[in-house]
Amino acid sequence: TGWEDRVAGELAARVGATSARSLVRRWADRLPEYYRSFTEPEVAAADIENLELLAGSARPFVVGVHNESGPASDGRLLTRVTLYRTGGKRALSDLVPPLEDHGLMVVEEIPTRLSGPGDVFIHDFGVVGPGGHRLDVGEGNDDVGHDAGSPGLDHQEPEQGRAERAPEEVPDAQRKGLWSECARVEAERDG
């Protein structure tokens, strides 16, 4: 089967077959070819869920987080912190400092601009915590993000998850603070 079929299969397990087909029709054609060639179907399914969350929100962005699953080409697996936003690309000098302020080392960023309306952009950061290990993002974290500008954000965690337990634990308050910091940076720029 093709990439879109595999993504629809991943989504069907989360939202049902009918909704999965609808979501793939809505979003897959907006994703560039390079994204399709390197993004695993389970990650693309989570990205599409977050894009749908963004589209249904009055907020200009959503944040998702998950741990990569192996094997890594360089032997080091990363935690992915992904910012889904309307309004186009953000400067890395705006986005990297809040991640670093929370003790994360930003290893890479993979930018993706979606075609179509809304000037939708995905900033996908590969990060590690102190000691160079993936973060403990919690069991059951499926990279289904949350509306990072919502009230009480600093008390929210990602809702579900596919992440495995990681060797590096980051204090709960630090992880929660990351969401608040992302919201603050976006509000300063957009407001």
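This is a predicted model: local features need pLDDT of at least 70, side-chain atom pairs count only at pLDDT 80 or more; totals for chains, interfaces and linings use all residues.
The secondary structure of the protein consists of 6 helices and 4 strands. Read from the N terminus, the elements follow the order α-α-α-α-β-β-α-β-β-α. Of the 191 residues, 47% count as buried. The protein exposes about 8,800 Å², and carbon and sulfur atoms supply 50% of this area. Among contacts between residues at least 6 apart in sequence, 67% join residues at least 24 apart.

The 4 strands form an open sheet in the order β1-β2-β4-β3, with antiparallel pairing. Strands β1 (61-67) and β3 (105-113) stand at the edges and have a single partner strand each, so one side of each is left without a neighbour in the sheet. On average, neighbouring strands of this sheet are turned by 20 degrees against each other, direction ignored. In general, strands of a sheet pair through backbone hydrogen bonds, either parallel or antiparallel. Here, β1 and β2 (residues 79-85) are joined in the antiparallel sense over 7 bridges, and Val63 stands opposite Leu83 in β2. Helix α5 (residues 92-101) lies across β2, β3 and β4 (121-128), and runs at about 35 degrees to β4.

Among the helices, the axes of α2 (residues 17-27) and α4 (residues 41-55) come within 10 Å and cross at roughly 80 degrees. Because angles of 65 to 115 degrees count as roughly perpendicular, α2 is roughly perpendicular to α4. Leu23, Arg26 and Trp27 of α2 make the contact with Ile48, Leu51, Glu52 and Ala55 of α4. By class, this contact has 5 nonpolar, no polar and 2 charged residues.

Notes
Residues are numbered from 1 along each chain as its sequence is written. Side-chain values use heavy atoms; hydrogens and water are left out. Axes are lines fitted to C-alpha atoms, for helices over the stretch in contact, and angles run from 0 to 180 degrees between N-to-C directions. Helices (H or I, at least four residues) and strands (E, at least two) are DSSP runs, numbered from the N terminus. Angles under 35 degrees count as roughly parallel, over 145 as roughly antiparallel, 65 to 115 as roughly perpendicular and the rest as oblique. Contact means heavy atoms within 4.5 Å. Ala, Val, Leu, Ile, Met, Phe, Trp, Tyr, Cys and Pro count as nonpolar, Asp, Glu, Lys and Arg as charged, and the others, Gly among them, as polar. Buried means under 20% relative accessible area, exposed over 50%, partly exposed in between (1.4 Å probe, protein chains only). Accessible areas come from the Shrake-Rupley method with a 1.4 Å probe; for residues, only the protein chains shown count as cover. Two strands pair if DSSP finds at least two bridges between them.
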